[in-house]
Amino acid sequence: MDIRQLKAFIAVFEERSITLAAQRLFVTQPTLSVTIRQLEEALGAQLFERLPRGVEVSEEARLLYPQARRLVAQAEALARMFRQPHDCLPLTLGVDADVGPGQLEAFLAMAARASPAILLSVEEGCVGDARLAAEDSRCEDELFVPLWEESFVLAVTAGHALAERRQVEMSELAGADWVTCPAHASHQRLLDLHGAVAPELALAAQAGSLRLAARMAAAGLGLALLPASLLAGADGLAPIPLAGATLTRRVGLCHAAQAQELPALQALLACLPAQDHSGSGADKP
């Protein structure tokens with residue numbers, strides 16, 4: 001008894017017809033009949049009764065069917081396990097700490113749609129064959145594929161007096177406590193936006209990343225200006241749009257030019273929304 005015989009048995013059992021089962025397996029009817037007969041001889045049991053039209057299954061066949069399905073499934077899984085290293089397209093993806101969780105999940109879904117052969121390894125930080133990151137954090141020699149553009153919003157605690165406001169003017173925030181992220185690439189642009197209240201930032205609480213700034217703001221250490229995606233679904237924080245001019249950022253895929261030779265990255269780029277993939281660090285807006 002072998003897997004080929006079990007597959008033949010399953011086809012006949014499910015189709016209830018030698019003719020249809022032979023078509024399903026792409027073999028001739030005589031060949032399939034011989035295979036079933038060999039299985040019956042090996043088991044010492046009659047599995048099918050041949051009728052003028054189709055076949056009737058025996059009780060022995062009903063007992064064998066679930067076991068045959070299980071054995072065939074195990075054999076196919078074993079073959080995939082040893083074949084996978086040759087068929088898969090490995091890709092290591094770094095994820096910037098300040099990418100919103102919704103953006104990460106959407107990007108991973110894109111990768112899954114790009115090719116079932118892509119085998120992703122996802123790590124935090126500036127690592128991997130490509131990175132999901134904000135444009136202002138890409139290296140000068142990296143290419144950038146923009147995927148999303150979003151605005152910075154004011155993050156306040158849910159119980160704050162401003163929490164129910166539809167928008168707020170920066171001029172209204174004089175005297176407020178702040179949380180800033182001086183090491184982040186967006187910090188200088190945020191200083192310009194703070195304008196009249198900027199001097200108060202000298203005494204602001206400081207975070208090492210925008211994601212940490214969101215948690216500090218949620219703890220009540222101060223207000224923070226943060227990308228909207230970091231506040232989506234965040235407990236304890238209310239995002240309030242700024243009136244007038246505000247900051248925006250683009251989030252997308254950063255990668256070195258030579259990484260485009262990787263089959264996995266080629267498949268992924270082909271799946272992403274149509275963009276100019278040729279931009280380099282020198283042409284930042």
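## Helices, strands and loops in a predicted model

Helix 1 and helix 3 are roughly perpendicular to each other (a label for angles of 65 to 115 degrees, where under 35 counts as roughly parallel, over 145 as roughly antiparallel and the rest as oblique). Welcome to a predicted model, in which local features need pLDDT of at least 70, side-chain atom pairs count only at pLDDT 80 or more, and totals for chains, interfaces and linings use all residues. Residues are numbered from 1 along each chain as its sequence is written, and side-chain values use heavy atoms, leaving out hydrogens and water. Helices (H or I, at least four residues) and strands (E, at least two) are DSSP runs, numbered from the N terminus.

**Two helix pairs**

- Two packed helices are described by the angle between their axes and the distance between the axes.
- For helix 1 and helix 3, that angle is about 110° and the axes are 9 Å apart; axes are lines fitted to C-alpha atoms, for helices over the stretch in contact, and angles run from 0 to 180 degrees between N-to-C directions.
- Arg 4, Gln 5, Ala 8, Phe 9 and Val 12 in helix 1 are in contact with Leu 32, Thr 35, Ile 36, Gln 38 and Leu 39 in helix 3 (contact means heavy atoms within 4.5 Å).
- By class, this contact of helix 1 with helix 3 has 6 nonpolar, 3 polar and 1 charged residues; here Ala, Val, Leu, Ile, Met, Phe, Trp, Tyr, Cys and Pro count as nonpolar, Asp, Glu, Lys and Arg as charged, and the others, Gly among them, as polar.
- Helix 5 (residues 101–114) and helix 8 (residues 263–271) have axes that come within 9 Å and cross at roughly 110°, which makes helix 5 roughly perpendicular to helix 8.
- In helix 5, Phe 107, Met 110, Ala 111, Arg 113 and Ala 114 meet Ala 267, Leu 268 and Cys 271 of helix 8, a contact with 7 nonpolar, no polar and 1 charged residues.

**The start of the chain**

- UniProt lists residues 1–58 as "domain: HTH lysR-type" in an unreviewed entry; its positions are given in the numbering used here, feature names are shortened, and annotations may be inferred rather than shown by experiment.
- This span is 62% helix and 10% strand, and its end C-alpha atoms lie 18 Å apart.

**Two loop residues with positive phi**

- Most residues other than glycine have a negative phi.
- Arg 16 has a positive phi of about 55° although it is not a glycine, and its place is in the loop between helix 1 (3–15) and helix 2 (18–25).
- Phe 26 has a positive phi too, of about 60°, and sits in the loop between helix 2 and helix 3 (29–43).
- Arg 16 is partly exposed at 33% relative accessible area, while Phe 26 is exposed at 76% (buried means under 20%, exposed over 50%, partly exposed in between, with a 1.4 Å probe and protein chains only).

**Strand 6 and its partners**

- Strand 6 (residues 142–157) is mostly covered, with 12 of its 16 residues buried.
- Strand 6 runs antiparallel to strand 11 (residues 248–256), joined by 9 bridges (two strands pair if DSSP finds at least two bridges between them); Glu 149 has Arg 250 as its bridge partner there.
- Strand 9 (residues 224–227) pairs with strand 6 in the antiparallel sense over 4 bridges, and Phe 152 is partnered by Pro 227.
- Strand 10 (residues 237–240) is also antiparallel to strand 6, with 4 bridges, and Thr 157 stands opposite Leu 237.

- Asp 177 lies in the loop between strand 6 and strand 7 (179–180) and is exposed, at 57% relative accessible area.
- Asp 177 touches Leu 221, Gly 222 and Leu 223, not counting residues up to four places away in sequence.
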